[in-house]
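This report concerns contacts between side chains, with attention to charged groups and aromatic rings.

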Amino acid sequence: MTSLRNTLIALAGAGLIASAAGIAAQDRPLAAGPDEVYRVGGLAAPEWAQFVRPIQMGFDGAGNLYVLDPEVGRVVVIDAGGDLVRTVGRKGEGPGEFQIPSDLVVWRDGRFAVADQGHGAYQLFGLDGQLERFVRMSTASGQAGMAAARKAVRADPAGGAVIAEGAGMGAILFSVFAEEFEGETVDVTGEDGKLERLDLSGEVAAAESIARARLIAPETMEVEAPYFAPVVVWDVLPDGTIGYFDSTAYEINLVGADGGSMGVLTRPVRPEAVTARIRSAVIEHLLAELDERLEEAMEEMEELLGPGAMEAMPEVRKEQQEEIRNQEFYPEIPVLRGLRATWDGSFWVQRRGEDPWDDKGPIDVLGPDGAYMGTLSAGEPGMPLAFGPDGLVAYVERDELDVVSVVVRRLPEEVR
């Protein structure tokens, strides 16, 4: 993606005047119209396709899809036609078994790794699905390895490493579990917004800093971040370029594999100010969401424990309602909500929806040269969980009974 290295769409200029609501008039509509290739799962699924919570997916260069289901404790490998290739792992404490699997990374040659917080290690698997070795997350062992937890992990396109963002929870975990960690060396260096390359060639993951995004309003165990506070969202292009945003503006910062700045991609849109009307609408929305969650929780608890199991519900409701009404707000509404790099080197950039709290708005496609190609309407088809070769993309769908299916579709060339 050499041409992107020379791309810089200037932020300044008279065009930077549109609001998030008004930018739709400047959009160039794209029709994704992805064709379904296969789906696995559902009520009648075979045992291997009975997914519970498939949170991580990735394709290899042959179009095989790898699905990590942490609840089941295994990785399912599915070929390009939707047939089972193999299952890898199970719940357990031995080599090749998973205790607390949290992340899956798949390299294009078909090797993959699972980050297992229970083992405090990355488990690396070969092309045949066999465990090759463990790479510890830190110099500590066992539970102490959780101190090296990462907020997000991606495969390094160069192989043999992963790109990760620190979770910023190391010091907190150390303080909570200090007695269990007594006498051990614990890695507490993870930080929100700090992007690192973790070399997995040795016995212990070796971290090299690449970039540090801005963390405007960090959230801790004691302090909740203001509503609408910008977060760090990022992904890695096939040539190793990292794109990330870390503010309320439409600004995607580009960082090379060597950590050098490569410019900024933007579109002419500015964030919307948070007014009293918006604050009231958000609080009303949050209160409605709270009522829905608490009603579901009460029904589930009473079904399990019988009538009266949730006698404290009125007090719980009152306390949480008070917290919502006293919610702090960031002064601007972030324009961007999601960012993914495609297999072919484009960016899919998800904007906010019509409502200020809606994270699933339209998706802009920025081509391999960084140029704006067009916009996909909200929900058509939505942001994939994984991009693969030949336009393959993977999604998770749930039916009316909340049963999970993994769906693979193929995108037309103009949006890849």
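The sections below treat salt bridges, aromatic pairs and charges over rings in turn.

## Basis of the report

The structure is a predicted model. Residue numbers start from 1 along each chain.

## Salt bridges

Side chains of opposite charge can pair when their charged atoms come close. In this model the count comes to 24 salt bridges. One of them joins R111 and D109, with 3.5 Å from N to O. R111 is partly exposed, at 32% relative accessibility. D109 is partly exposed as well, with a relative accessible area of 48%.

A salt bridge is also found between R197 and E208, where the closest N and O atoms are 3.7 Å apart. This pair links distant parts of the chain: R197 belongs to strand β13 (residues 194-199), E208 belongs to strand β14 (residues 206-212), and the two are 11 residues apart. R197 is buried, its relative accessible area being 15%, whereas E208 is partly exposed at 47%. The two partners are classed apart because buried means under 20% relative accessible area, while partly exposed residues lie between that value and 50%.

## A buried charged pair and a network

Which residue meets R340 in a salt bridge? The partner is D235, and the N to O distance is 2.9 Å. Are R340 and D235 buried or exposed? R340 is buried, with a relative accessible area of 18%. D235 is buried too, and its relative accessible area is 3%.

Salt bridges may also share partners, and in this way D27, R267, R351 and D364 are joined into one network.

## Aromatic pairs

How many aromatic pairs does a search of the whole structure find? The search finds seven. Among them is the pair of Y66 and F112, which is tilted, with 5.3 Å from centre to centre and 50° between the planes. Y66 lies in strand β4 (residues 65-69) and F112 lies in strand β8 (residues 112-116), so this contact ties together parts of the chain that are 46 residues apart in sequence. Y66 is buried, with a relative accessible area of 4%, and F112 is buried, with a relative accessible area of 1%.

F112 also pairs with F125: the ring centres are 4.9 Å apart and the planes are at 10°, so this pair is stacked. Here too distant parts of the chain are linked, with F112 in strand β8 and F125 in strand β9 (residues 121-125), 13 residues apart. F125 counts as buried, at 2% relative accessibility. Beyond these pairs, one aromatic cluster is formed by Y66, F98, F112 and F125.

## Charges over rings

Technical notes:
This is a predicted model: local features need pLDDT of at least 70, side-chain atom pairs count only at pLDDT 80 or more; totals for chains, interfaces and linings use all residues. Side-chain values use heavy atoms; hydrogens and water are left out. A salt bridge is a side-chain nitrogen of Lys or Arg within 4 Å of a carboxyl oxygen of Asp or Glu. Buried means under 20% relative accessible area, exposed over 50%, partly exposed in between (1.4 Å probe, protein chains only). Helices (H or I, at least four residues) and strands (E, at least two) are DSSP runs, numbered from the N terminus. Rings of Phe, Tyr and Trp (its six-membered ring) pair if their centres lie within 6.5 Å; planes under 30 degrees apart count as stacked, over 60 as edge-to-face and the rest as tilted.
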